[in-house]
Structures are given as structure tokens and as C-alpha cells.
Amino acid sequence: MPLLDRHGAKADLWTRSEGAAIGNLSHALVAWAALPEALAQRSRDQRIGAVLPNTVRMSELKLVMRQLSLIAIGFPSFADGRGFSLARLIRNHGFAGSLRASGPLIPDQFAYALACGFDEVELPQESAARQPVEQWLTALGRISHGYQRGYGDSGNILDRRRAARLKHAAAC
Amino acid sequence: MYRYDEFDERFVRERVAQFRDQVGRRLSGALTEDEFKPLRLKNGVYLQLHAYMLRIAVPYGTLSARQMRQLALIGERYDRGYGHFTTRTNLQFNWPKLRDIPDILDLLADVEMHAIQTSGNCIRNVTADHFAGVAPDEIEDPRPTAELIRQWSSLHPEFDYLPRKFKIAVTGAAHDRAVIKAHDIGLRILRHPDTNEIGYEVVVGGGLGRTPMIGKTVREFLPKADLLAYLEAIMRVYNLEGRRDNKYKARVKILVHEIGTAEFSRRVEEEFARLDGPSVNADPAEVARIAAYFAPPAYEALPATSGAFETAKAGNPDFARWVETNVTPHRQQGYAAATISLKPIGAPPGDASSAQMRLVADLAEAFSLSEIRVTHAQNLVLPHVKLSDLFALWQRLGEAGLATANAGLITDIIACPGLDYCALATARSIPIAQAVAKRFADPARQKEIGVLNVKISGCINACGHHHVGHIGILGLEKRGIESYQITLGGDATETAAIGEILGPGLAAEDVPDAIERIVSVYLAQRRAGESFIDNVRRIGLAPFKAAFQEASHAVA
């Protein structure tokens, strides 16, 4: 399925495993239910990613999070915003690997996804065909700065106002 | 009043460009109708029965004269020369064309306004006490808090695709004029009993709609500086755990009800303790920057009474009656707040023509330091009028049909647009409001009855707040016929209560009779000085039910 990040389309290094059968895949993407079994049989140089439903409890995820190089959170519908909060929680709990939003998101959500801690979006063919990468990159730049502190690293209005105040104070 | 800085200005302009682009992508087919729908809703664009409707945000009900004039212009140029003020203090235009909407948004941006998040499953326009900064019983002005929340909630990356709509209200006074207990989050500014520090009581899970509930206190005292972090914790718990399987059970009130207030509070506190507050909260200099815009305006030093005002009252009973009902004390000596009723007898509640909007703008400039407020009761307020100017103001209002002396009385009816406009409605609201108002049109009778809130909704979604009306009227549809259910004993203030159903539904034409019978019971049974709602509380529902049943038998 098409994959993109803040720079545009990208190749997918990850392969979805059949259940826990990760074989000798270098980057194996495993369904949440099969994850314990897959982790038990991984070899040292294999990287494991997990595909999570957006209802996963942080208390359960925390137990395995450190063993994962990628977490893909499912968006059953673009209107179901649980994935945004789950991504934020996962980042707040210190996950430093890749975070992927997987599902029929729309370009207008791209900036939100990145701000909540996602690195990339994996789209179904149908929506990618209607909404080419250029639309995603254009949508990304629509709003220069939001008001919320602590979301993303593109700078927010409150911190920019603060910086302007400090600069002004220093000049006086 | 708050003024946009370069960042606010840019943000709103970019939002307009974004919407223009979204419309373009819908027209090209890049966005499906399902994908476009929430995008247009989050910009206030509804598809109604006859046309698109545009709902414009009036954050915490505050408007300048300049903004009001722009609304008048938009109404004239793009609508049919009038607008409708709503119970969320917004303004709706019922007849704009979709292709004109980006241009309307540009005109709004010119006067620091927008339509962001006036609909959709996101945090809606935040409301506050319409007497903010004016009320003598105020602990702290709620508007700076409301403005901070407006900014924080605008295009929030995490909370723009919630299970359902989310409404926040703020009051800074002991007497609640913002209906905070019927909101998803209600904030009450208070002083800590021991330290005297300013903070918030946080109430969550109120709401009307088909499952009306009074909000529960989840935090008795939240230090002011922690506001945004605490809101983030509440929203995160709700976004992750609120139900998405059934839209009628998706509001936060259902989550609070299902897991219990204590458990909900525990989950919020756990998340609040875990997240990094200082990285989320606004710094005190930012809070102070916003608050400075709401500093008291340049009042004149005036005596506490005005001879001219007293003389005018003594010589003109109509003016005296308007003062009694529509003028509210001001914290500044020599000033008062004047309510402009948008409920002239027989007219649709909350409607204002472009000419009326312009007149109100002129009068705000002449008499109220250019400031106007919109109330959740669908009236306007000129918040800073000198006592000595009240008579001249009243005369000018009277010439435009805006001096109806009924604020808070039985004809000051809240009504949603109902089946005349709304695609969701199951029954008409406006004609019912008109019929009840006509029945009680006699000013002497209204005065005798005193404070009585009648609230009408044209469907179970309860936009007309019928659950918290002293008398509530809910229009339903039964086998193709409109049927009106009457509730009694609702209360929208700090003593909030949900009204109880009196009996079987009535035909539209029988509603005024039923209201009349209810009022007769009150008039016969009240003690000296006892208001309608106090009387209902004291004597209970039984006498009213008995009278109501006689009415329904009489018509059956």
C-alpha cells in the first residue's frame, strides 16, 4: 500500500507477516494478536513492527514497546481520531521508533498526524489514487503554526509569542 | 476586547485558504462527500432543508460594533437581509450559496472573525457569562480563560476527530449565567477557601440532547496555571474511551455516566499527573497578554444615580418597565448593562435584520464603548451604558422595534430554528414560540408572572435547551403529526435541574392553553414574592400535572 512521510512518497521496507510466521524477514510487520509469538521466535538481527488496533491499552503495549522498531496504528476510518491520542501517548511513554498511521486518512489530517508523533502514513490504494502525494504535501503547509504547545517541532504560536516578548525585552 | 495579533490574523487567513482548497478538492472529486462533510462542518457549513447554512463563531458572545456591521453587510450581500443568533451565541445565515462561502469567510477574517469549529465532532465555540466584566458578583472575568481555550482548541491536532461534539463554557461569577452544568466541560472560576488563590471548579459530563444530564464535578479546585494541561488530560481520556459505536451514546456525559464520576476523575488525574504540564500550559506572560485585552474600559467617573434617568423613569411608565426587565446593574458606578430583546412578540426568536444589526452597532458606538454581547438566551446586550444615556438608548431602540421589555419574562422564549429550517427537526419551534408569546403579550400580565424561562426544541437534540427551561417544550413527530411534550422544573443556573415531563404530548394549537393552565396554578398557589421556579420546587409537580391533564382532556 502507498506510504508517505513529510518529504513525500517513500518505499516500504516492511513486510506484513502471516500471523506470527516472520521467517527470515528483515523487517517484519506483525499483527498485535500474533506479536508475543513472533517476538519469541525473532532472531537477533530481525526488526519487528506491530500493527495495533486503536483500542490497545497503554498498560499492555508498554510491556513490549521496547522490542519494537515500528508501531503502525490502524485508523478504521478517517473520522475515528483515537489513533491521534494513542500516538501521543506512545510518544509520551518514550517510544523512539517509527510510528505509522495506517488507514484511509485524508490530506487535511497529515499535519495533525505528524504533530501527534506519527512519522508516516500508509494509505489504501483507493484513497491514494484519488489524493496524490502533492495534495498531501500542499495540505501539510496550509497552516503555518498552530496554537498548541508540545505538538510537533514546527513551532507554535504561543512559543513564538514568547520568543518575540523575550527578544523585545532584551532589546529594551 | 481581544484583538488579533499577526499570528491570529495569519491563522484565520490560512484557514480560509484551506477551506477554499477543500471545496476545490471536493468539486474535483479528490475528496468524497463523506470526507468533505466533516471538513465543511468544522467550518460551520451545514446542509439544511432548503439551502446551506453558515454558522459564524461569536467567541464567548463578544462582538465589536465593527464586527456587527460586517455581519449586517454579509446578511445583506449573501443572505436575505437577516441573521439568526443561536443558543451558543453564534450567528447563523440560512441562505448563503456554497460558492460564496469562502468570500464570506474572507469578509469575516477582515474583522477578526471566523466560522472555525462551529459544528462537527470537535471542540465548539466556547461560551461565557454574557455579563462578563460587568456583573457585580464576578470573582474574575471569564473571557481571558475563554479566549485562551478558543486559541488552544482551534485546529487541535489531537482533538479534531472526537467521538462527538464537545462544548465548553466558563463562568466567573457565583450566579451561573453560562449554563455550565449543561456542558461537556463547565469551568467555574473561584477562590480557594484557604489560600484565596484563583482557580477553577471543573465540571464534566453535562449535556442536553436525548439523554440530558447535569455535569459532575471532577476537580474541586484546579490552579489557574494548570488549565490547558488538565483540559488535555480530559480530552485524551474522552478521545480514547468515549463510545464510537453509537452517536447517541458518544458524548462525554455517557462515558462519565457509564464508568462513574470517581473513575472518570481518576483516569483524568492519572493522565494529568503523567503528562508534562509545563510543556503544555500557556506561560503566565501569555495569560497576562490575553487578560490585558479585557481590562476594564475607560469608564467616566459618574455619580451612582442620575437625575435625568430618574426623571425619565418617573415620567414614562413604558421606559420604567423596560428598565425594570432589561437593565442590569453594572460593577462600575453610574453604568448599567442593557439587554436588547430579540424576542418582539410574534417574531422568530433570535432573528435580527441587517438594518437592526447596523443600528445596534451605531448604538454600541454611541452608548456602550463599541461593545456588544450575544447571550445564550438569543438576545443582545450593550454592556456599558451610562445611566444618563439609557432613556436616549431606549428611544432609539424603540424606533427599530428593539425595545421589547421582556428579558427573562415568559415571552423571552428560547427556540431553535426547528422544522422551518433545520434538517434534523421533527417539529416546528418558531411558530410555537410565536403563539405562546402572543398569548402572553400583555405587558402587565408578563410582569405579574415575573421571571419564567420557556425553552422550545424542535427535536430530541435539544438545541432550544428545553430540558433546563422552567417550562420546556419539545416538538416530536408521531405518525406524521407534530406532538409537543411539556416539561416542568428545569433550571439552567448554578442550581441546574432537568425538567420533568408533565403528561402526554399535545397538538401544536393546544400548547398555549397548556402553558396558560400551568401559569394559573402558579399564580393561584404562589406565596408573596415567590418566583415560578421556586413555587414549582415548593409545591411539586402534582398540582401542575392535574391542571395539565385537565387541559389535555379538554382537547382530547
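The model is a predicted one.

Start with Asn196(B). It has 7 other C-beta atoms within 10 Å, so Asn196(B) is exposed. Asn196(B) sits in a loop of chain B, between strand S8 (185-191) and strand S9 (198-204). Its phi is near 70°, a positive value in a residue other than glycine. Most residues other than glycine have a negative phi.

His465(B) has 24 C-beta neighbours inside 10 Å, so it counts as buried.

S17 leads on to a sheet. In chain B, 5 strands form an open sheet with mixed pairing, in the order S16-S17-S18-S19-S20. Strand S16 (414-415) and strand S20 (500-501) of chain B are the edge strands. Each has a single partner strand, so one side of each is left without a neighbour in the sheet. The partner of S16(B) can be followed in detail. S16(B) pairs with strand S17 (residues 454-457) of chain B in the parallel sense, over 2 bridges. Within S17(B), Lys455(B) stands opposite Ile414(B).

Now take chain B as a whole. It is divided into domain 1 (6-110), domain 2 (133-292), domain 3 (307-399) and domain 4 (414-555). Consider domains 2 and 4 of chain B. Their C-alpha centres lie 31 Å apart. The two domains do meet: 10 residues of domain 2 of chain B are in contact with 11 residues of domain 4 of chain B. On the domain 2 side of that contact there are 5 nonpolar, 2 polar and 3 charged residues.

The largest nonpolar core has 208 residues. Met68(B), Ile234(B), Ala338(B), Val360(B), Leu390(B) and Ile518(B) touch the most other members. Helix H6 (residues 227-241) of chain B gives the most to this core, with 11 residues. Ile234(B) shows what such contacts look like. Setting aside residues up to four places away in sequence, Ile234(B) touches Ile185(B), Val204(B) and Val268(B).

Val252(B) lies in helix H7 (residues 252-259) of chain B. It has 30 C-beta neighbours inside 10 Å, and so counts as buried. Beyond its neighbours within four places in sequence, Val252(B) is in contact with Phe166(B), Asp184(B), Val204(B), Gly205(B), Tyr238(B) and Gly242(B). How far apart are Val252(B) and Gly307(B) in space, C-alpha to C-alpha? The distance is 53 Å, for a separation of 55 residues in sequence.

Which residues of H1(B) are buried? They are Phe11(B), Val12(B), Arg15(B), Val16(B), Phe19(B), Gln22(B), Val23(B) and Arg25(B). An α-helix has 3.6 residues a turn, so residues three or four places apart point the same way. The buried residues of H1(B) pack against helix H2 (33-41) and helix H4 (101-110) of chain B, and also against helix H6 (133-140) of chain A. Just after H1(B), Gly29(B) takes a positive phi of about 90°.

Chain A has 7 helices and 8 strands. Its C-alpha atoms fill a box of roughly 65 × 35 × 30 Å along the principal axes. Of its 172 residues, 38% are buried. Among contacts in chain A with a separation of 6 or more, 44% join residues 24 or more positions apart. Chain A is divided into domain 1 (3-141) and domain 2 (144-172). The C-alpha centres of these two domains of chain A lie 31 Å apart.

Last is the meeting of the chains. The contact takes 35 residues from chain A and 36 residues from chain B. On the chain A side, helix H3 (82-92), helix H4 (110-115) and helix H7 (157-171) are the elements that give two or more residues. By class, that side has 14 nonpolar, 10 polar and 11 charged residues.

Methods. Residues numbered from 1 in each chain as written. Chains lettered and ligands numbered in written order. Predicted model: local features only at pLDDT ≥ 70, side-chain atom pairs only at ≥ 80, totals over all residues. Domains from an automatic or database assignment. Core = buried A, V, L, I, M, F, W, Y, C linked by C-beta atoms within 7 Å. Buried ≥ 20, exposed ≤ 12 C-beta atoms within 10 Å, placed from the backbone. Helix = DSSP H or I, 4+ residues; strand = E, 2+ residues; numbered from the N terminus. Contact = placed C-beta atoms within 7 Å. Nonpolar A, V, L, I, M, F, W, Y, C, P; charged D, E, K, R; others polar. Pairing = 2+ DSSP bridges.
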